[in-house]
Amino acid sequence: MQIFLDTANLQEISKGIEGGCISGVTTNPTIISKENKPLQKCIRDISALDPDLTILVEVVSLEAKDMINEARQLSRLANNIIVKIPMTSQGLASVRILSQENIRTAVTLVFSCNQAIAASCAGADYIAPFVGRLDDINADGLNLIKSIKKVFTIQNAGTKIISASIRTPQSVAELFISGSDIVTVPGNILQAMYKHPLTDSGLQKFSEDWCKVPKEL
Ligand code: G3P
């Protein structure tokens, strides 16, 4: 079970690392566009915060041969890169070649069980279903994760599920219960995961009561 952060923002990532429970970062072209610096610098800066961090970086090419070249370059940017490839036929053609070269891939923009099956058969190490975007259009993101998990378990597929596009803290636990291997969350959701009013009031009471304990002379 792993939690990733869905951001390229160094402050958010530093805070996440200090918080102790994240082991990776996911990016996409939209996320990178918010940082106002070149992709390569974004990735190197993230890796400098913690070289062990898994970093997912997405190709922007659309043709397989271009995606493959781009993926080879991206995979050399830091220690622990997984290349995100879009869920298209050209994307899966490149996944097949990249898996033969031991370049790890995550097929992204997955919205159906059949897409997940196709990506896994092509050799994807990970798939990233966008749970929140399905919920946004009144579909059922959580149910998709349950279906994919069921198929991967029955078929003994090695592909791991990274649930992405997370909208609420509650959905994180539900996604893990439903079989997600990884959930990638924005910084605000990660912070919300730590919080519970009973933890706060419990800690307040412990502090107050500790003041009543006679201290050694
Ligand atoms: O990791 C994918 C994620 O960034 C998409 O999230 O909020 O744009 O649907 P969102």
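Reader: Over how many bridges do β5 and strand β6 pair?
Author: In this predicted model, local features need pLDDT of at least 70, side-chain atom pairs count only at pLDDT 80 or more, and totals for chains, interfaces and linings use all residues. Residues are numbered from 1 along each chain as its sequence is written, and side-chain values use heavy atoms, with hydrogens and water left out. Strands (E, at least two residues) and helices (H or I, at least four) are DSSP runs numbered from the N terminus. β5 pairs (at least two DSSP bridges between two strands) with β6, residues 126-129, in the parallel sense, and the number of bridges is four.

Reader: Which residue in β6 is the bridge partner of V110?
Author: β5 covers residues 105-110, and V110 bridges to a residue of β6. That partner is P129.

Reader: Which helix lies between β5 and β6 in their β-α-β unit?
Author: The unit is right-handed (with the strands pointing away from the viewer, the path from the first strand over the helix to the second runs clockwise). Its helix spans residues 113-122 and is α6.

Reader: Which residue in β5 is the bridge partner of K84?
Author: Strand β4, residues 81-86, runs parallel to β5, and four bridges join them. The chain crosses from β4 to β5 through helix α5, residues 89-100, in a right-handed crossover. The partner of K84 is A106.

Reader: How many of the six residues of β5 are buried?
Author: Buried means under 20% relative accessible area, exposed over 50%, and partly exposed in between (1.4 Å probe, protein chains only). β5 is mostly covered, with a buried count of five.

Reader: Which residue in β2 is the bridge partner of I3?
Author: Strand β1, residues 2-5, runs parallel to strand β2, residues 22-26, with three bridges joining them. In β8, I3 stands opposite V183. In β2, the partner of I3 is I22.
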